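Have a look at the sequence and the fold before reading on.

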Amino acid sequence: MSDLWQNAMDHAVAIARKSGELVREALRDDRKVMTKSSSIDLVTKTDQKVEQLIIQSVREKFPSHRFIGEESVAAGETCDLTDTPTWIIDPIDGTTNFVHAFPFVAVSIGFYVNKQSEFAVVFSCLEDKMFTARRGGGAFCNGEPLQVSDQEDVRQSIIATEFGSNRDVEAVDKIFSSLRNILCLPVQGVRSAGTAAINMCLVASGCVEAYYEIGVHVWDVAAASLIVSEAGGVLMDVDGGAVDLMSRRIIAANNRTIAENLVKEIESFSPTRDDTPPPQVNHY
Ligand SMILES: O=P(O)(O)OC[C@@]1(O)O[C@H](CO)[C@@H](O)[C@@H]1O
Ligand SMILES: [Mg+2]
Ligand SMILES: [Mg+2]
């Protein structure tokens, strides 16, 4: 039987590769930086250019599809996931890395229908690694199948996490308290690639056992979630329940045992959800 979304997936791979070329060129010539919500929430013209490139090209081919894009939401678009086919785009996951030429930068494209992930593309464009997954069809890197690690012992694991862009002292204290608990289990190592999408692809590749973070956005994790689950991994909320992509909290692990070990150590908190409507402005 032919795959209903094969055409769309082929387009996602092609446009991610083209976007990656644009990112690589910009890395040589143009890394002028602007800020969004704070002095450490960075954006560049390349983030905006890549998102426009992806949205325009998809719109031409699939005019009825919808979008959730990081830079479009920053510009005031809503962040609602409906049953309509929706492309969830992070044009550059790892903008801070990009600005500093730290070599982990990804273009992330997730595709959802009826709120279910159908396919995913994460292009780690400086490593030239194209991660793909199709629901029920497995996960791949440059065409090679991916499989999570079979490690069951958290003490023999590497755990990835990030510090995010929230510098609110209470949140930072919780982030450090969780990190301290996990380090002292002890685990064999803690790593940060600087991009949620690549951290999750490392879980899918079996290089790290798990990744967790509070503060991610839906566009950081929408694509890589399918890559992890199709590589045999699990997704969980930091409190142990089902993951909710809009909640800004995630554990992506090789198996439930490792994920549940992390749940016990993480001091959870709840950032403002991605699907919270912006405050109403009254024009009297
Ligand atoms: O802003 P960007 O570069 O797309 O997102 C990158 C990032 O800061 O977002 C997450 C936290 O929001 C982190 O996991 C990751 O490092
Ligand atoms: Mg991101
Ligand atoms: Mg981004």
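The notes below start with the ground rules and then go through the structure piece by piece.

## Ground rules

This is a predicted model, so to speak of local features pLDDT must be at least 70, and side-chain atom pairs count only at pLDDT 80 or more, while totals for chains, interfaces and linings use all residues. Residues are numbered from 1 along each chain as its sequence is written, chains are lettered from A and ligands numbered from 1 in the order in which they are written, and side-chain values use heavy atoms, with hydrogens and water left out.

## The magnesium site

Three aspartates hold the magnesium ion (ligand 2): D90, D93 and D220 coordinate it through OD atoms at 1.9 to 2.1 Å. Donors here are N, O and S atoms within 2.8 Å of the metal (3.2 Å for Na, K and Ca), and as water is not among the atoms, sites may look incomplete. Along the sequence, the donor spacing reads D-x2-D-x126-D.

D90 and D93 are both buried (under 20% relative accessible area, with exposed over 50% and partly exposed in between; 1.4 Å probe, protein chains only).

I92 belongs to strand β4, residues 86-93 (strands are DSSP runs of E, at least two residues, and helices runs of H or I, at least four, numbered from the N terminus). Eight of the eight residues of β4 are buried, so the strand is largely enclosed by the rest of the structure.

β4 pairs with β3 (residues 66-69) in the parallel sense over four bridges, with G69 opposite I89. With β5 (residues 106-113) the pairing is antiparallel, over six bridges, and D93 has A106 as its bridge partner. Pairing requires at least two DSSP bridges between the strands.

## The annotated pair

The unreviewed UniProt entry marks E70 and I92 as "binding site". They are spread over 23 residues of sequence, yet cluster in space, with a largest C-alpha distance of 9.1 Å. UniProt positions follow the numbering used here, feature names are shortened, and annotations may be inferred rather than shown by experiment.

E70 sits in helix α3 (residues 70-74) and is buried at 14% relative accessible area; I92 is buried at 1%. Beyond four places in sequence, E70 touches residues including K36, D90, I92 and W219 (contact means heavy atoms within 4.5 Å).
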